[in-house]
Amino acid sequence: MQWEIVIGLEVHTQLSTSSKIFSGASTAFGAEPNTQADAVSLALPGVLPVLNRGAVERAIKFGLAVGAHIAPRSVFARKNYFYPDLPKGYQISQFDLPVVGQGALAIQVEPLSGTGQSYEKVVRITRAHLEEDAGKSLHEDFHGMTGIDLNRAGTPLLEIVSEPDMRSAAEAVAYAKALHTLVRWIGISDGNMQEGSFRCDVNVSVRKLGEPLGTRREIKNLNSFKFMQQAIDYEVQWQIGTIENGGKIQQATILFNPDTGETRAMRSKEDAHDYRYFPDPDLLPLDISNDWIEQVRTTLPELPQTKQTRYVNEFGLSAYDASILAASRAMADFFETALAAVPNETKMCANWIMGEVSAQLNRDGLDMTQCPISAQQLGGILQRIVGNTLSNSGAKEVFRTMWAEGGEADAIIEAKGLKQVSDTGAIEALVDEIIAANADKVAEYRSGKDKLFGFFVGLAMKASKGKANPAQLNDILKRKLGQ
Amino acid sequence: MINTSIKQLSAALAAKKISSAELTQLYLDRIARLNPELNAYITLDEEKSLAQARAADERLANGDATGLTGIPIAQKDIFCAKGWLTTCGSKMLHNFVSPYDAHVIAQFNNAGAVTLGKTNMDEFAMGSSNETSHYGAVKNPWDTARVPGGSSGGSAAAVAARLCAAATGTDTGGSIRQPAALCGISGLKPTYGVVSRYGMIAFASSLDQAGPMARSAEDLALLLNVMAGFDERDSTSLQREKEDYARDLNKPLNGLRIGLPKEFFAEGMGSDVAQAVEAAIAEYKKLGAVIVDISLPNTKLSVPVYYVLAPAEASSNLSRFDGVRYGYRAPEYGDLADMYEKSRAQGFGAEVKRRIMIGTYVLSHGYYDAYYLQAQKIRRLIAQDFTEAFKQCDVIMGPTSPSTAFKLGEKGDDPVQMYLSDIYTIAVNLAGLPGMSIPCGFGANNMPVGLQIIGNYFDEARMLNVAHQYQLATGHHDCAPQNIGL
């Protein structure tokens, strides 16, 4: 039996405004409970919401980044339900008139099993809307009671809803990762998944090929890509097993337990809330002028996809290299800044960043934003290689010194005496000495033992303390040994 | 002293004929004497009031007084006032001391006015008789067997019984105008958005509007000058130039076009009310006004539309009263759902629960289109009626309420009869227009009758002019109830 998996995602991403979406309270993570709960966050009697323009700007930015229509007029609605961490008894969200309309995101799908080809796919985005986050219910340390922390209540969220376009866990994960990269890339969210800045709800259904869509179950609140894959895999098997055993799938909201690797139902459709949405009379419709959209557009950086294509077409990099260098904005900025120092050496620059720099970052457990060497500093090293001042091995030593102690390339070269010898006369003198001192080996070489060439290179390099220009040394050795 | 206008009181304070502390004490003494029977105030705090009065006296002495510095004002208990118990007439907020000031309260504080106390009101402003208050009914000072109207009944009674110089009210469907009419005082509901709703406990957000209640139109103008103005904390507050609402008080009324909607002068209005209102119209003709017959054909739909929209908004607005963070929580409960159910069942009164249920119903899946959306469409039609009417006239006049004050308990069993007492006032809220009520004589049992004046958007200054000229020509607004120690 051929089963098709159908997946759509709803992603809640916290927007990186410093204050809340409807009040001036801080959104910083990790403060003492309720120290960031102002009168509006507490929903005191009589308080009113005032929209944070920064949140709207970020929503517009996202819409532009996915080629979506920005609604000239959208409406905030109240979603009514009771929960202790929802202080007003309703969440201010957007319902039938969201700020961002249909868009699309191109993703590169890497097969998770390690077999098969990677391929590109376009996932359609249905909509994205602004809403406020809820607070947190704390069930530990309260002796059977529940503690409420309203610091998070009112933090701006952009809920990004996809079409059910994904056909495997791999595609779902690739989409989530691409979205995660994008929101950080355009600077609308810190994307910190541990702190809940990027949370995924995954709608999963299965059907026999060619049949209409099956009933979906929604896996709530996944905050890691690994769990997402595990949860989808488990859920798909469970649904197929249920149907094959003659059962029916009931629409439900489910949770994934990372400890057991299983999903379990939280509530069924019968318990589904009637949220009684209606336009929030405390807020005017959100009007967005073309001027505002165009002004936001000027703040939009070159997007990952555009960058990758440019790296391939303009710089002649492989698609793989381009995808690594455009994986994050920090990486791409580093590459482009370093490249500015050696504009004709794209491949060398790319290799250094994907090689030395990435390896050192990995070893020290740092990410690109924490790199102790600036892109300008690296550019300085690369310039010295291009200018024949540094050998490759010398460059690596300069790099390691710079990493550990800082400083500029020229100063390190000077201090360590790493300047490459490119003076033909000096190298010739050195080679002459070696030939004179090793007459027997020279004779062997000349009688046809070509392998000894490496032996002479080694001696010469040693004698020059590694500073002889390797290409020059090779030429001179070949010439003199051949005589 | 207690019968003089705010302007005269202010002059007396400035001339040191009386201090604000003395004036405040005078009112506090009257309250101590009369409030036990009238029940106009829920909360009094002599120390706080007198401290404000002394501060006002300092301002007066320092010469940085405003026209309201030192004037004792009663605040409807719907306004959050820092350090004051703020109950909104409900058991649900029986223990809620506000940590912040509503915009209206802050405006009065900045002007140096004295808060005399928090006045009684229908629970969460839902009612037309003040009988739904958790703190007991307010009595009408003209006849203590009768209701003062509602929901701003405490404020109306306090003004009528001279238990304050003036008061604030709020009006969602007539809650300033109807009690003003029933208590024989003047009250103004401004254009929606003129007074910030920040800190005013919400009943129906798209209809709620705060306004002044006083003994004369001239006083109303001075109060509105303090209350009105843009406030960035209320997104529905209108960004407009500050205006002086007293600027046109003394304009003559020659050529004023008064629209009389035929729907207001039809079946349903008591004959005593009709008589008083017609006499007032005749007085206006003498003052030079001309009468225009107009029609507001959709007005008849305003009560049903209102009782869809207002409860819908209220059902959501009142969700925050859940016993979790502040206010009433049931002493005993099982799980979370039980805590919600018991706290809300015990904390809210019958009328509030009725409206929450109506509102929940009309917003429910499958009913939303038939009720809420339909009502919104009719709301627009009602507003259009007024737009058309104001092409032919400058102000619209009619009765404020179909009858004079009814007896306590008289309509308690019949919510629909109670809802109909706002039949002339509700359309004004639905359209967002300004409306006011001024005393225009007496009806059956010698109870006051109110004349309603409806203006076009932002035409408050003209309405106050229209009311003031009438009050210069007649004495109805100066009449006071018996037995209030005058």
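In this predicted model, the residues Ala169(A), Ala172(A), Val173(A), Ala176(A) and Lys177(A) of helix α2(A) meet Phe225(A), Met228(A), Gln229(A), Ile232(A) and Asp233(A) of helix α3(A). Sorted by class, this contact of α2(A) with α3(A) consists of seven nonpolar, one polar and two charged residues.

The axes of α2 (residues 169–185) and α3 (residues 225–244) of chain A come within 9 Å and cross at roughly 155°. Because angles over 145 degrees count as roughly antiparallel, α2(A) is roughly antiparallel to α3(A). The crossing of these two helices, α2(A) and α3(A), is right-handed.

Chain B contains an open sheet of 11 strands with mixed pairing, in the order β1-β3-β2-β4-β6-β5-β10-β11-β9-β7-β8. Strands β1 and β8 of chain B stand at the edges with a single partner strand each, so one side of each has no neighbour in the sheet. On average, neighbouring strands of this sheet are turned by 30° against each other, direction ignored. Helix α5 (residues 153–160) of chain B packs on the sheet, and its direction makes about 155° with that of β4(B). The strands of chain B that α5 touches include the following.

| Strand of chain B | Residues |
|---|---|
| β2(B) | 72–76 |
| β3(B) | 114–119 |
| β4(B) | 166–171 |
| β6(B) | 209–214 |

Elsewhere in the sheet, β7 (residues 257–261) and β9 (residues 395–399) of chain B pair in the parallel sense over two bridges, and Ile258(B) has Val395(B) in β9(B) as its bridge partner.

Between the chains, 25 residues of chain A are in contact with 34 residues of chain B. On the side of chain A that touches chain B, the residues divide into 17 nonpolar, three polar and five charged.

Notes. Residues numbered from 1 in each chain as written. Chains lettered and ligands numbered in written order. Predicted model: local features only at pLDDT ≥ 70, side-chain atom pairs only at ≥ 80, totals over all residues. Contact = placed C-beta atoms within 7 Å. Nonpolar A, V, L, I, M, F, W, Y, C, P; charged D, E, K, R; others polar. Pairing = 2+ DSSP bridges. Helix = DSSP H or I, 4+ residues; strand = E, 2+ residues; numbered from the N terminus. Axes fitted to C-alpha atoms, helices over the stretch in contact; angles between N-to-C directions. Parallel < 35°, antiparallel > 145°, perpendicular 65-115°, else oblique. Left-handed = near helix turned anticlockwise from the far one by under 90°.
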